[in-house]
Amino acid sequence: MNVQTIKLTDFVLNSARKYLKDNNYTEVVVPRVVRATGACENINTLFEVSSENNFNWFGGNKAYLAQTGQLYLEALVPKLGNVYCIGPSFRAEPKANDRHLTEFQMIEIEHPGGFKELLSYIEGMVSSIAHDIAKHEKAREEFGLSDERMAKLNSCPKIFNKINYDQVIEKLKELGETIEWGDDISSTQEKMLVEAFGNDPLFITRFPDPMCDFGKPIEVEKFFNMLPDKETPGRVLSSDLILPHGGEAVGSAARVHEWQILVARLQNSRMYKRLLERGGGMQDFQWYINQVKENGAVPHAGCGFGMARIMQWIMGSSSIRQAGAFPSNKESLI
């Protein structure tokens, strides 16, 4: 247990909350024992919840530990505008390594507005945290940060470099990588890209739309309700923020808000196929579909900040295990 890491985490969370409050965000407490609506993309990484050695506590409905509060926040955007939540995300990661944890803190935001505005909120919060630390007179002593890290945080740009997925594939080929369009981008390749852009935060935008037929299977998998980009057919208005040391730290997108399109995209998603295999179905998402049908929705966008990876970037650490007081993976249960 590292006391300096605990103090740094406290400072970072307070800095994030201040930025969100200054931008008129309302904090929402969302459920953490949920239906499959609590999954990000892959149903198979959900932890199923039981009670008294059986799974009938919820009337035969399967319940899971939440990975995300996204849909709960989305449901509140028409009534509250800018909303956010802070809480744990639980992932049944198949491997124990330096990049993944079983449990970590997420800050999630949703706002009524578009994709460009969302990216500016992400830039604003990440750079704000960096500069708040850099201005903190006792940061070196309290947080154990080196002069090099302090200088890097102080020089964090307020506008981040941006490159779309198609450009990424071409750039990686230029760098000597064997990769084809439709492939997922590995953590090693993310590191190469960040280094190629000056070791500053980097947005990868406009990923392939998993609902489109590209005539070949694609590895890239995104959440079903990402909004297609009208200006770039076959792509969605989505982005991953890649940080030095931490890798992919923020996943973001503009959201589909028309219920008929939501249902169609859900039913044709990989997530839904996996859900059917596990005995679930449309009933798991019905509460959200009903919310959109009955109360309406507005164009909106949102994201999730993986705070452990943001901590890695701040600390300059090569291992996510060093980014929290009690790191947890499938090999360690405290």
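In what follows, Ala, Val, Leu, Ile, Met, Phe, Trp, Tyr, Cys and Pro count as nonpolar, Asp, Glu, Lys and Arg as charged, and the others, Gly among them, as polar. The model is predicted: local features need pLDDT of at least 70, side-chain atom pairs count only at pLDDT 80 or more, and totals for chains, interfaces and linings use all residues. Residues are numbered from 1 along each chain as its sequence is written, and side-chain values use heavy atoms, with hydrogens and water left out.

**Overall build**

- The chain has eleven helices and eleven strands; helices (H or I, at least four residues) and strands (E, at least two) are DSSP runs, numbered from the N terminus.
- With a radius of gyration of 20 Å, close to the 20 Å that the globule rule gives for 334 residues, the chain is as compact as a globular protein of that length.
- That radius is taken over C-alpha atoms, and the globule rule is 2.2 Å times the number of residues to the power 0.38.
- Along the principal axes, the C-alpha atoms fill a box of roughly 55 × 50 × 40 Å.
- Of the 334 residues, 50% count as buried; buried means under 20% relative accessible area, exposed over 50%, and partly exposed in between (1.4 Å probe, protein chains only).
- Among contacts with a separation of 6 or more, 73% are between residues 24 or more positions apart; a contact means heavy atoms within 4.5 Å.
- The chain exposes about 15,500 Å², and carbon and sulfur atoms supply 49% of it; accessible areas come from the Shrake-Rupley method with a 1.4 Å probe, and for residues only the protein chains shown count as cover.

**Largest pocket**

- On a 1 Å grid over the protein atoms alone, a pocket is an open set of points with protein on both sides within 12 Å along at least five of seven lines, and a cavity is a set of points where a 1.4 Å probe fits but cannot get out; lining residues have an atom within 4 Å of a point.
- Grid points are joined across faces, edges and corners, and a volume is the space filled by probe spheres set on the points.
- The largest pocket holds about 1,400 Å³ of space.
- Its lining has 50 residues, and those nearest the centre are Glu41, Arg91, Glu93, Glu248 and Arg309.
- Two or more lining residues come from each of strand E6 (103-112), helix H7 (187-196), strand E9 (238-243), strand E10 (247-255), strand E11 (300-306) and helix H11 (307-315).
- E10 gives the most to this lining, with seven residues.
- By class, the pocket lining divides into 19 nonpolar, 15 polar and 16 charged residues.

**Cavities**

- There are two cavities of 30 Å³ or more, and the largest cavity has a volume of about 40 Å³.
- Residues lining the largest cavity include Glu74, Pro78, Tyr288, Gln291 and His300.
- Helix H2 (70-80) and helix H10 (286-295) each supply at least two residues of that lining.
- The lining of the largest cavity divides into six nonpolar, three polar and one charged.

- Gln189, Glu190, Met192, Leu193 and Val194 are the buried residues of H7.
- Their cover includes helix H6 (165-174), strand E8 (202-205), E9 and E10.
- Gly198 follows H7 and has a positive phi, near 85 degrees.
- Asn199 lies in the loop between H7 and E8, and its phi is positive, about 60 degrees, although Asn199 is not a glycine.
- Asn199 is partly exposed, with a relative accessible area of 35%.

**Other loop residues**

- Asn24 sits in the loop between helix H1 (3-22) and strand E1 (26-27), has a positive phi near 65 degrees, and is exposed at 62% relative accessible area.
- Thr102 is in the loop between strand E5 (83-90) and E6 and counts as buried at 16% relative accessibility.
- Beyond its neighbours within four places in sequence, Thr102 is in contact with Phe47, Ser89, Phe90, Arg91, Ser328, Asn329 and Lys330.
- Phe214 lies in the loop between E8 and E9 and is partly exposed, with a relative accessible area of 24%.
- The C-alpha atoms of Phe214 and Gly234, 20 residues apart along the chain, are separated by 8.2 Å.
- Leaving aside neighbours within four places in sequence, Phe214 is in contact with Trp181, Pro208, Asp209, Gly234 and Arg235.
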